[in-house]
Amino acid sequence: MRKKLYSALIILTAAVFLGSAAYAATLKIGVAGPLTGDQAAFGEMLKNGATLAVEEWNARGGVKVGKKKMKVDILWGDDRHDPREGVSIAHKFVNSGAAGIVGHFNSSVSIPASTVYAEAGVVQITPASTNPKLTEQGFSTVFRVCGRDDQQGEVAANYIVDKLKLKRIAILHDKTTYGQGLADETKRFLEKRGVKPVFYSGVVQGDKDYTPVLTAAKQAKPELVYFGGIHPEAILLVKQMRERLGMKALFMSGDGIVTEEYYKIAGKSAEGTLITFTPDQTKLAAAQSVIKKHRKRFGKEVGAYTIYSYVAMNMILNSIQATGSTKGSKLAAHLRSKAWNTSLGKLQFNKKGDVLESPYVLWEVKGSKFVEMK
Amino acid sequence: MFAQQLVNGLVVGAVYALIALGYTLVYGILQLINFAHGEIYMIGAYVGIAVLAVLGTMGLTQTSLALSIVLVFLIPMIYCAAYGITLERVAYRPLRGAPRLSPLISAIGMSLFLQNYVQVVQGARDKAFPNLLELGSFQLFGAYVNGLQIFILIIAVGLMAALQLFIKKTKLGKAMRATAQDRTMASLVGVNVNRVIAVTFAIGSVLAAVAGVMVGMYYGIVNHHIGFVAGMKAFTAAVLGGIGNVTGAFLGGFLLALLESFWAGYVSAVYKDVFAFMVLVVVLIFRPQGILGGSGEADRT
C-alpha cells in the first residue's frame, strides 16, 4: 500500500513538472484587484478589461518576444481590498515569474504591493489607484493610467467654491489610503480657497449603520457632505442621510463610487449625488471598438475602470513586443518614451509614472444613471 | 442630537438583541458558543430577498402588502429553523460527549463553511434588498423617526416578550429550563433532551432570521459577510448581559448599541468598535458573569 502511494506521489510530482514545462512558453501577466467581496464590482471591471485585451492578443497568435511568439497567460490575484492579501499576491506573482502587473485596484493595496514589484523589477500599471503617494515613492517601474487624488480633490473643491458657492461642508472618509487621501486633498484645497469644513470624521469600513456619525454631522448644519471612499459605504451613507435623518444636504464623492450598484441600491436617495470622475469614456471615438467588443463578449456595458484595465494590459504587452524583453527597466523606459494612442485617447507618462494630463470633470446621478455635467 | 442618537441606538440594539438571544439560548443549554449563529442571520436576509423576488414577480407585493410582509418574515423563519436544526444535528450532536473545545472548533468551521457556501451560490457582490415597506417619517423631540424604525422595535420587543412567556409558561419551556439546569437529570425524568436541544436551535435561528430580514429591509443592502460582524457584536452583547441569561441578552444588545451610538455621535466615530469591545473588557474585569449574571442564577433559560 505504502509503495503504491509513493509511486503515485512520484508520478503526480512528475506530472506537475511536466505541466509547468508545457506552459513555459507562455507570457505571464498578473492581474489583481478585489475580485470577490463587497468591492467585487470593481474587481470585475479589472478582470473583464484585462481578459478582453489578452484574448485579442492570443487570437493574433500571442506576443512576439524576440523571434518566437508567446501566448499570454493571466495570473489572477484576489486581494479583497486587503493590503496584507495584496502583498502576498505580489510575492506570488513575482515568484511565478510574472512579466508585468495590471493592478491593484485600491491605493491601500497598490502602495504596499508596489514595493514588492519594484524590488523584483516588475512593471506595474494600476488602472485605478489614485492616491498620490503611489507614484511619489520614486519607483521607476510603477505607472498609473488614471488620475491622482490631488487633481481630483482640487476639481471638487473648486466646484464647491466657484459653482455651488457653499460654505458649510462636512467631510467623511473610510480611513483607507484612497478614501482618507481623497478627503484630505479635497479638504486641503477647500481650505486654500478659504472654506474650512464644519465637520470632519472617519467612518468604519464594512459597518452597516452610520446614523450616529451622520447625526453628529447634521448638528454642524452642512450644506454638502463630501465622502472619500468606495460605493458600499457611500450607498449606506446617502441612504441613511436621506431616509433616516431627513438630511437635505448635497452628497459628493469621488471615482470610487462609480458603479451601477451605487444608484441601483441607493435608489431615490442617490439622485443628485455629485461625483468627480474622468470625462465620459463612452463618448470617445477611440473607445468605441472596445465598448462594442465588451458588449459582445460579456453581454453588458463597460464599467468605470474596464477600459483603463484594457489599456494597461495592452501597454504592457505592446512594450514587451517592442523591446523584445520582459525586463522591468527596459519596459519602463519604453513606456515613458512616447505618447501612446490608446482606447482612452492620447496618453503620455511623466517621470513619476503619472499621466501628463488627467482632467477630472463633474458628474451627477440623474434619472438612475451617471451623467457628465456640462 | 440626544434624542436622535437614542433612536439610532435603539434600532441597532433591537437587531443585536435578537441575534444575542440565539447565542444565549444555546449557551444556556449546551455551554456551547455557536459561532455559526451569525451566518444563520445572514442566510435569513438572503432568503428574504429570494422571497421578495418571487412575491414581486407574482405581483403580490402590490396587491396584498400585509400578506407579503407576513410571508417575507415567515418563510425565512422556517428556512432558518431548518438550518439551525441541521446545524445542530450535523456539527454539534456528534461531538456532544467530546471535550468542550471540539464543538467550538466545529462551530467556527460551520461559520466559515456557510459564509463561503453563500458566497459561491449567491455571488460575492452586494445584493439590494427590495423596498417593501415605505413608511413615512416624523419629528419627535427633534429626532427624525421613521416608521420602519418603530416597526422594527415593536417586532423585536414583541418577539422577546413572547420568548419569555414561552420559556416561563409552556411545557416545552419548562423542559428547556430543566435541560439547562441538568441535562442528565432532565433525561432521567422523561425530558426528550435531543428534542429540546433541537427546539432551542430552531428558536434561536428563527429570531436570527427575523433580525436578518429586518436588517435587509432597514439598510437595503445584503452581502455574505454581514453575519460575521453582527455575530461578533451580538456575542459581545450576550456576554455583556450575562451569557445564558435571556433578559441579559436583551439588555446587553440595547446597551451595547446605545453606547456605540452615543460614543460615535459625541466622541469619535472612528473608534466606535474599539469602544464597544473596551466596554466588554471593563465589564468582564469587574463582573465576569456579565451584568445580570450568566447561567446558574435564577433566570436561567
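Into which domains is chain A divided? In this predicted model, the answer is domain 1, residues 2–147 + 284–347, and domain 2, residues 150–277. The legends below cover close-up views.

**View 1. Domain 1 of chain A meets domain 2 of chain A.** The C-alpha centres of the two domains lie 32 Å apart. The contact takes 14 residues from domain 1 of chain A and 14 residues from domain 2 of chain A. On the domain 1 side, helix 2 (40–59) and helix 4 (107–120) of chain A are the elements that give two or more residues. Helix 4 of chain A supplies the largest share of that side, three residues. By class, the domain 1 side holds five nonpolar, eight polar and one charged residues.

**View 2. Chain A touches chain B.** This contact draws 30 residues from chain A and 26 residues from chain B. Five elements are named on the chain A side, each giving two or more residues: helix 2, strand 9 (199–202), helix 8 (211–219), helix 9 (231–244) and helix 10 (260–266) of chain A. The class make-up of the chain A side is 12 nonpolar, nine polar and nine charged residues.

View 3. In soluble globular proteins, nonpolar side chains tend to be buried together. Which residues does Leu18(B) touch, not counting residues up to four places away in sequence? They are Ala156(B), Leu159(B), Leu207(B), Ala208(B), Val210(B) and Ala211(B).

**View 4. Five strands of chain A form an open sheet.** The strand order is 4-1-5-6-7, and the pairing is parallel. Strand 4 (72–78) and strand 7 (142–144) of chain A are at the edges; each has a single partner strand, so one side of each is left without a neighbour in the sheet. From one strand to the next, the twist averages 20 degrees.

**View 5. Strand 5 of chain A pairs with strand 6 of chain A under a packed helix.** Residues 100–102 (strand 5) and 123–126 (strand 6) are joined in the parallel sense over three bridges. Ile101(A) stands opposite Gln124(A) in strand 6 of chain A. Helix 12 (residues 306–323) of chain A packs on the sheet. Helix 12 touches strand 1 (27–33), strand 4, strand 5 and strand 6 of chain A. Its direction makes about 170 degrees with that of strand 5 of chain A.

**View 6. A cis peptide bond runs from Gly103(A) to His104(A).** Omega for this bond is near 0 degrees. His104(A) is found in the loop between strand 5 and helix 4 of chain A.

**View 7. Lys221(A) has a positive phi.** The value is near 50 degrees, in a residue other than glycine. Lys221(A) lies in the loop between helix 8 and strand 10 (224–228) of chain A. Is Lys221(A) buried or exposed? Lys221(A) counts as exposed, because it has 12 C-beta neighbours inside 10 Å.

**View 8. Ser368(A) also has a positive phi.** Here phi is about 60 degrees, although Ser368(A) is not a glycine. Ser368(A) sits in the loop between strand 15 (361–365) and strand 16 (370–372) of chain A. With 13 C-beta neighbours inside 10 Å, Ser368(A) counts as partly exposed.

Definitions and conventions
Residues are numbered from 1 along each chain as its sequence is written. Chains are lettered from A and ligands numbered from 1 in the order in which they are written. This is a predicted model: local features need pLDDT of at least 70, side-chain atom pairs count only at pLDDT 80 or more; totals for chains, interfaces and linings use all residues. Domain bounds come from an automatic or database domain assignment. Two residues are in contact if their C-beta atoms, placed from the backbone, lie within 7 Å. Helices (H or I, at least four residues) and strands (E, at least two) are DSSP runs, numbered from the N terminus. Ala, Val, Leu, Ile, Met, Phe, Trp, Tyr, Cys and Pro count as nonpolar, Asp, Glu, Lys and Arg as charged, and the others, Gly among them, as polar. Two strands pair if DSSP finds at least two bridges between them. Axes are lines fitted to C-alpha atoms, for helices over the stretch in contact, and angles run from 0 to 180 degrees between N-to-C directions. A residue is buried if 20 or more other C-beta atoms lie within 10 Å of its own, exposed if 12 or fewer, and partly exposed in between; C-beta atoms are placed from the backbone.
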